[in-house]
Amino acid sequence: MSIKIENLSYVYLKKTPNEVKALDNVSLEIPEKKITAIVGHTGSGKSTLIQTLNGLLTPDSGEVTIGEFKVTSKARKNKRIKELRKYVSIVFQFPEYQLFEETVEKDVAFGLKNYGYKQEEAIEKAHEALKKVGLDESFYKRSPFELSGGEKRRVAIAGIIAIDPEVLVLDEPTAGLDPVGSKIILDLIVELNKNGKTIILVTHDMDIVMKYADHVVVINDSKIAFDGVPADLFDGDVSNYSIEIPKLFTFSKMLKEKGLDIDLKTIRNIDDLFVQLKERHK
Ligand SMILES: Nc1ncnc2c1ncn2[C@@H]1O[C@H](COP(=O)(O)OP(=O)(O)O)[C@@H](O)[C@H]1O
Ligand SMILES: [Mg+2]
């Protein structure tokens with residue numbers, strides 16, 4: 001099931017002098033089982049948009065359709081919200097701030113108990129999720145507060161993976177992590193996607209967009225400014241969006257402009273460029 005967003009608007013502090021239109025008539029389709037990146041200036045409306053996807057925010061107008069679920073401006077129509085939140089789960093920015101249990105396994109198991117799992121089953125599922133994020137049994141009984149920043153974030157993500165949502169939304173999942181910590185999270189995202197999950201990723205990092213995203217959406221000033229494949233974004237005019245075009249894209253494009261036969265759309269990393277050069281320029 002793709003996610004269809006139609007004419008969505010959202011206003012904070014409605015009918016006050018500080019009213020902010022955070023989403024302005026946004027329409028968009030997010031493809032199923034793909035990785036979609038959402039990018040744009042700080043304050044452009046990215047976090048607001050993702051919170052409407054599972055009804056955490058109720059839009060002022062417009063609607064979101066996720067298969068059989070709907071989120072509309074009429075909150076009372078948003079039935080089955082609990083089921084929807086299991087279907088579409090959000091990992092917030094800096095999710096490690098929301099850890100609070102005394103052990104890692106209890107923290108990961110916490111959300112499952114909301115879905116009716118008994119303590120024992122919940123702990124078992126928590127262990128599975130912790131394995132998926134690369135934390136072995138030596139972490140189960142530790143306090144989440146004594147872990148490194150990257151480990152804490154993995155615990156927080158495990159809490160979402162344990163619920164086994166079909167759509168995972170991650171708001172700047174690599175922000176503040178070192179390159180090793182970032183890579184662990186990104187590899188995990190790729191793995192989840194390979195296993196059939198739809199991924200929505202908010203990021204400022206265009207190297208991540210180039211390398212991982214199938215689809216990219218730019219939000220600018222509460223509106224959709226671009227919706228398409230990364231190569232088309234990087235190949236167009238990005239001067240209004242504070243987007244830094246990846247060096248690999250710029251280099252590949254330069255080679256193409258100098259007459260080499262290069263398909264920019266299929267280059268995600270340096271190996272892809274190398275393969276093209278080798279195949280086509282024997
Ligand atoms: N809880 C809130 N109350 C009032 N204004 C908010 C709130 N959250 C976000 N905003 C405003 O809404 C706009 C969009 O914010 P947000 O969706 O967080 O953007 P982004 O995630 O792209 O940085 C910004 O102008 C922001 O200041
Ligand atoms: Mg944000």
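1. Two strands are said to pair if DSSP finds at least two bridges between them, and the strands themselves, like the helices, are DSSP runs numbered from the N terminus (E, at least two residues, for strands; H or I, at least four, for helices). With these terms, an open sheet of four strands can be described in the order β2-β1-β4-β5, with antiparallel pairing. Because β2 and β5 (69-72) stand at its edges, each with a single partner strand, one side of each is left without a neighbour in the sheet.

2. This is a predicted model, in which local features need pLDDT of at least 70 and side-chain atom pairs count only at pLDDT 80 or more, while totals for chains, interfaces and linings use all residues. Residues are numbered from 1 along each chain as its sequence is written, and chains are lettered from A and ligands numbered from 1 in the order in which they are written.

3. Strands β3 (residues 35-39) and β9 (residues 215-220) pair in the parallel sense over four bridges, with A37 standing opposite V216 in β9.

4. Ligand 1 is surrounded by a shell of residues (C-beta atom, placed from the backbone, within 6 Å of the molecule), among them Y12, V20, G43, K46 and T48. Both β2 (20-30) and α1 (46-52) supply at least two residues of this shell, the largest share, three residues, coming from α1.

5. The largest nonpolar core has 68 residues, and those with the most contacts inside it are V108, L130, A158, V169 and L201. Such a core is a set of buried Ala, Val, Leu, Ile, Met, Phe, Trp, Tyr and Cys residues joined through C-beta atoms within 7 Å, where buried means that 20 or more other C-beta atoms, placed from the backbone, lie within 10 Å of a residue's own. Helix α5 (residues 149-161) contributes the largest share of this core, six residues.

6. Leaving aside residues up to four places away in sequence, A158 touches V108, A129, L130, K132 and V133, contact being defined as C-beta atoms, placed from the backbone, within 7 Å.

Definitions and conventions
Buried ≥ 20, exposed ≤ 12 C-beta atoms within 10 Å, placed from the backbone. Contact = placed C-beta atoms within 7 Å.
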